[in-house]
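Please find below a colleague's note on the structure under discussion. The points are set out by topic and may be read beside the model.

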Amino acid sequence: MAIEHGPIDTPPRAPSPAHKFGTLAVHAGSEHDPVTGAVIESISLSTTFAQSAVGQPIGEHEYVRSSNPNRWNFERCIAALEQAKYALAFSSGSATTATILQSLAAGSHVISVSDVYGGTHRYFTKVASAHGVQVSFTPSIELDIEHLITSDTKLIWIETPSNPTLSLVDIRAVADIAHRSGIMVVVDNTFLSPYIQNPLSHGADIVVHSVTKYINGHSDVLMGVAAFNSDALFEKLKFLQNAIGAVPSPFDCWLAHRGVKTLHLRAREASKNALLVAQALEDSPHVLAVNYPGSASNRHRKIALKQHRDGLGGGMLSFRIKGGSEAAARFCQATRIFTLAESLGGVESLVEVPASMTHMGIPREQREAAGVFEDLVRLSCGVEDGGDLVGDVRQALERVVVGGKIGNGVMQQGNGVGHV
Ligand SMILES: Cc1ncc(COP(=O)(O)O)c(C=O)c1O
């Protein structure tokens, strides 16, 4: 199938927007090899590309950090899926965040939602501040944004759904206010993937992903990506992508590009499973509260219906278990299909306790103000059979509550850095 990609010497761009998501996921950036006819792109490991005369490369590429075929193909695919003009790939989601923050001048001010991913919080508070960029956090950005904006505010950082409380933000409402003051809005779309939400079509200026999660989907690649429409942003971020050099390897780009071809299938299945698990948790007497934007009773359901494809809730959810941190720790050891591990968005289901693992680096008071209590358990629902996942959660809750001793009942603690 031939899909228009635009002239090859132009920056990575989307193919025809007339095609629907599944078609774009499979074909965007995936031209057949014009010489061999290979349907699947080759992995181009070469770090350098021959030139026919000084300054005249034979093809489009000169040196692997600046550009290479596998990265371009992946970037084209993501641009298509996020309905963006441009996409740029980075060596991790964190490197994507760092590169965007590096694009701000010293003295800039950023406003961020409070319950951002722990590593983003760490970067904002410990690294950006060292470069003269100050970040204010708010648990209710739609209400507070106007009061928080100063003449130095250059960027608003939103995670929707947030990690790990799955709170939603009305992107359009925030963007309308931000744009009146010429402020850019970035949305971290990692938890939903471009299949479920396209933040640019709700007014965001940049959408970022930890590709490590749903986009790659197989828990075997560390990568990040940013997508946007502005030509000026492309020039700035492309320059920093090359100058900082936090770029992914061609092999990782190839793997992630292969992974994203099934994103629509995986995201639908994970959402279906998460809804079943959320319903089972809501019905359980051992559960205090469930955070899942796909549930009809969720406090942010209206925003989900507005922003998410078919109102899907995605594969992530969290819940507060009765019995405090000990019960949360025991639950994670009692599951048989959900693996106790950090990360999310893979085909396999995972479970973790954010307060002791991914969000341990955030001071307790701040963490709890954002709803990240010690009894909060986060689940990443994979694409296993939904009935098996529900059965696994139910049996784990029963085992925790009847007090069956599982191991020594004490979880291995992280090193306080909060990896994921
Ligand atoms: C929402 C979110 N954004 C960004 C990141 C950082 O991504 P990476 O681990 O690829 O650096 C993560 C990692 O878990 C995340 O959950």
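1. Which residues are buried in helix 10? The structure is a predicted model, and in it the buried residues of helix 10 are Leu 263, His 264, Arg 266, Ala 267, Ala 270, Ser 271, Asn 273, Ala 274, Val 277, Ala 278, Ala 280 and Leu 281.

2. The dimensions of helix 10 may be noted next. The helix covers residues 263-282, 20 residues in total. From its first C-alpha to its last it reaches 28 Å, which is close to the 28 Å expected at 1.5 Å a residue.

3. An N or O atom in the side chain of Ser 94 is 2.7 Å from an oxygen atom of the ligand. For Lys 213, a polar side-chain atom is likewise placed 2.7 Å from a ligand oxygen. In the case of Asp 188, the ligand atom concerned is a nitrogen, and the distance to a polar side-chain atom is 2.7 Å. The protein buries 94% of the 390 Å² that the ligand exposes when taken alone.

4. Asn 198 belongs to the loop between helix 7 (193-196) and strand 8 (206-210). Asn 198 counts as buried because its relative accessibility is 9%, under the 20% cut-off. Its side chain reaches the backbone oxygen of Leu 81 at 2.9 Å.

5. Ser 30 is found in the loop between helix 1 and strand 1. With a relative accessible area of 10%, Ser 30 is therefore buried. The side chains of Ser 30 and His 257 are joined by a polar contact of 3.4 Å.

6. Is Ile 43 buried or partly exposed? Ile 43 lies in the loop between helix 1 (21-27) and strand 1 (51-53), the loop that also holds Ser 30. Its relative accessibility is 34%, so Ile 43 counts as partly exposed; that class runs between the 20% limit for buried and the 50% limit for exposed.

7. Together with Leu 45 and Phe 251, Ile 43 makes a nonpolar surface patch of about 290 Å².

Definitions and conventions: Residues are numbered from 1 along each chain as its sequence is written. This is a predicted model: local features need pLDDT of at least 70, side-chain atom pairs count only at pLDDT 80 or more; totals for chains, interfaces and linings use all residues. Side-chain values use heavy atoms; hydrogens and water are left out. Patches are made of residues with over 30% relative accessible area and no salt bridge: like charges are joined within 9 Å, nonpolar side chains (Val, Leu, Ile, Met, Phe, Trp, Tyr) within 5 Å. Accessible areas come from the Shrake-Rupley method with a 1.4 Å probe; for residues, only the protein chains shown count as cover. A salt bridge is a side-chain nitrogen of Lys or Arg within 4 Å of a carboxyl oxygen of Asp or Glu. Helices (H or I, at least four residues) and strands (E, at least two) are DSSP runs, numbered from the N terminus. Buried means under 20% relative accessible area, exposed over 50%, partly exposed in between (1.4 Å probe, protein chains only). A polar contact is a pair of N or O atoms within 3.5 Å; within protein, one must be able to donate a hydrogen and the other to accept it, and residues adjacent in sequence count only if both atoms are side-chain atoms. The expected span of a helix is 1.5 Å times one less than its number of residues.
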